[in-house]
Amino acid sequence: MTLLAIETSCDETSVAVVRDGKILSNSVSSQIQIHAEYGGVVPELAAREHLRNLLPVTQAALQAAQVQPDQLDAVAATQGPGLPTALLVGFKAAQAIAFALRKPFLGIHHHEAHLFSPWIRNAEHHLGAEETDQTGRDGARRSGFATADFSSFQPNVSLIVSGGHTLLVLVESELKHRVLGSTTDDAAGECFDKTGKLMGLPYPAGPEMDRLSESGNPKAFDFPRPLLNDASNDFSFSGLKTAVRYFVRDHPDSLKEVQSVRDLCASIQAAIVEVLVTKTLRAAKRNGVRCVTASGGVTCNRALRRELTRACEKAGLTLRLAEKALCTDNAAMIGILAERKLLAGVKPASFDEEIKPGWILD
Ligand code: KG4
Ligand code: ZN
C-alpha cells in the first residue's frame, strides 16, 4: 500500500510517503525561526506558513519518493489534537487530495502516531532532519529506507514528551493503548522553554539548555521534583517553573557568569529528567511490562536519553527511544500508523469529517 500522510498540528509542515512499512520520504518544513521572534508559536502565523508550504512540501515528498499521485492508495492527515487553524490546513488539503484521487482517507490522532515512532528504525541514516531544508526539499537521501519494525513489538509503557504534552501511555498491543497519566499543567518541553526564557535563552530553549547542561553541574542547585513521589502517573511542571522564577529574581548574579548559567540549566534539566524517568519506570513496573518507549521533541534531550537508558538497563527493561529525526513532529509516524490501521481493517473516514483540536487520547 502506498500512502501519503500530512502533519500540520503545530509548527512543522510535514508530508511523508509510506509504502509497506517503509518511509519512502519524509519532508519537513520547520517554522521555528518565524515563531522564535515571538517567544512561542503564534497560531495565525503557523496557519499562514502551513498554507504557504504545504504544496511545495507535498511535491518534495512525492518527488523524493519517486511516486506519482495516481500511484497513491490512501491519504492520511493529523486530525488532532493541535492548533485549530494549523490542523485545518493539512487535514482539509489531505481530504481534498483523497477526494480528487478517489482514494480512502484517514484522520489520525497525533499522540497515537507518536506511540509508533520508536518502532521506526534507520531514520537517522535515511531521513535525518538536518537533511531537509526550510522549503521542505529532501536533501541527499542515502540509499535504503527507514522502516517500521513491529516484529520485535512488545507491550510497553510509552512516554510522550513535547512542548505541548507529557503523557504516559500503556501500549498493550499495536493498536490498543490506555493513557495512564498526563501533565496537570505545563508540559515538560514547555518547562524547558519557559525556564530557559527566564534565563534569557531564545525560543525554543530546550535544545540550548541541553547543550549548556552538558558542561554544567546538575547538583549545583536543588530544584523541586514535582509529583515525584505522588502515587499517580500524572506530572506537574509549573511549580518547578515558579521555583526557577523566584531563584532568578533572588539571585540575579547567577545569570552573569557563564558557568553558573550552565549549572542552572543542568540543575533544572536534572529535575525534569528525574521526574520523567522515575515515573516512567514506576509505571512500567506497576503495569508489568518489560519494555519502555519514548518519543516527542524532548526525547532529543541527551540527559533524558542517557538516564532512561541507565534506568532501563538497571531494571532489565528493553528501551526503544524514537530516533532523533523522528522525535519531533513528522508525517512519517502519521503514515505508518494510518497504514497499520487500514491493514487492520479500520474503516476510512468520510470526507466531511472535521478536525478535533482537543481530541484526548483514551
Ligand atoms: O515534539 P515537538 O517538536 O513539538 C511539539 O511541542 O509538539 O517538541 C518541541 C519541544 C520544545 O519544547 C523544545 O524545547 C523541546 O521539544 N526540545 C528539547 C530538546 N529538543 C527539543 N527539550 C530539551 N532538550 C532537547 N534537546
Ligand atoms: Zn508531537
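Student: Before we start, what should I know about the numbering and about what was counted?
Tutor: Residues are numbered from 1 along each chain as its sequence is written, and chains are lettered from A and ligands numbered from 1 in the order in which they are written. Because this is a predicted model, local features need pLDDT of at least 70 and side-chain atom pairs count only at pLDDT 80 or more, while totals for chains, interfaces and linings use all residues, and side-chain values use heavy atoms, with hydrogens and water left out.

Student: OK, which protein atoms are the donors of the zinc ion (ligand 2)?
Tutor: The donors are His110 through NE2, His114 through NE2 and Asp329 through OD, lying 2.1 Å from the zinc ion. Donors here are N, O and S atoms within 2.8 Å of the metal (3.2 Å for Na, K and Ca), and since water is not among the atoms, sites may look incomplete.

Student: How are those donor residues spaced in sequence?
Tutor: The spacing is H-x3-H-x214-D. His110 and His114 belong to helix 4 (residues 110-116) and are 4 residues apart, so about one helical turn separates them. Helices (H or I, at least four residues) and strands (E, at least two) are DSSP runs, numbered from the N terminus.

Student: Why does that spacing matter in a helix?
Tutor: An α-helix has 3.6 residues a turn, so residues three or four places apart point the same way.

Student: Are the two histidines, His110 and His114, buried or exposed?
Tutor: His110 counts as buried at 5% relative accessibility, and His114 counts as buried at 1%. Buried means under 20% relative accessible area, exposed over 50%, and partly exposed in between, with a 1.4 Å probe and protein chains only.

Student: And what about His50, where does it lie?
Tutor: His50 lies in helix 2 (residues 43-65) and is buried, with a relative accessible area of 0%. Leaving aside neighbours within four places in sequence, His50 is in contact with residues including Cys10, Asp11, Glu12 and Gln31, where contact means heavy atoms within 4.5 Å.

Student: Switching to sheets: what is the strand order in the one with 5 strands?
Tutor: That open sheet has the order 10-9-8-11-12, and its pairing is mixed. Strand 10 (176-182) and strand 12 (318-321) stand at the edges, each with a single partner strand, so one side of each is left without a neighbour in the sheet. The twist averages 20° from one strand to the next. Two strands pair if DSSP finds at least two bridges between them.

Student: How does strand 8 pair with strand 9?
Tutor: Strand 8 and strand 9 (residues 166-173) run antiparallel and are joined by 6 bridges, and they form a hairpin with 4 residues between them. Within this pairing, Val157 has Leu170 as its bridge partner, and Val161 has Thr166.

Student: And strand 11?
Tutor: Strand 8 pairs with strand 11 (residues 291-295) in the parallel sense over 4 bridges, with Ser295 as the bridge partner of Ile160.

Student: How many residues of strand 8 are buried?
Tutor: In strand 8 (residues 156-161), 6 of the 6 residues are buried, so the strand is largely enclosed by the rest of the structure. Both faces are covered, with Asn156, Ser158 and Ile160 buried on one side and Val157, Leu159 and Val161 on the other.

Student: What about the sheet of 7 strands, what order does it have?
Tutor: The order is 5-4-1-2-3-7-6, again an open sheet with mixed pairing. Strand 5 (105-109) and strand 6 (120-121) stand at the edges, each with a single partner strand, so one side of each lacks a neighbour in the sheet. Strand 1 (residues 2-7) and strand 4 (residues 74-80) pair in the parallel sense over 4 bridges, and Ile6 stands opposite Ala77 in strand 4.

Student: Last topic: at what angle do helix 9 and helix 10 cross?
Tutor: The axes of helix 9 (residues 258-286) and helix 10 (residues 302-315) come within 10 Å and cross at roughly 35°. Axes are lines fitted to C-alpha atoms, for helices over the stretch in contact, and angles run from 0 to 180 degrees between N-to-C directions. Residues making the contact include Val273 and Leu276 of helix 9 and Leu304 and Leu308 of helix 10.

Student: Which helices do the buried residues of helix 7 pack against?
Tutor: They pack against helix 6 (188-198), helix 9 and helix 10, and the buried residues of helix 7 (residues 205-213) include Met209 and Leu212.
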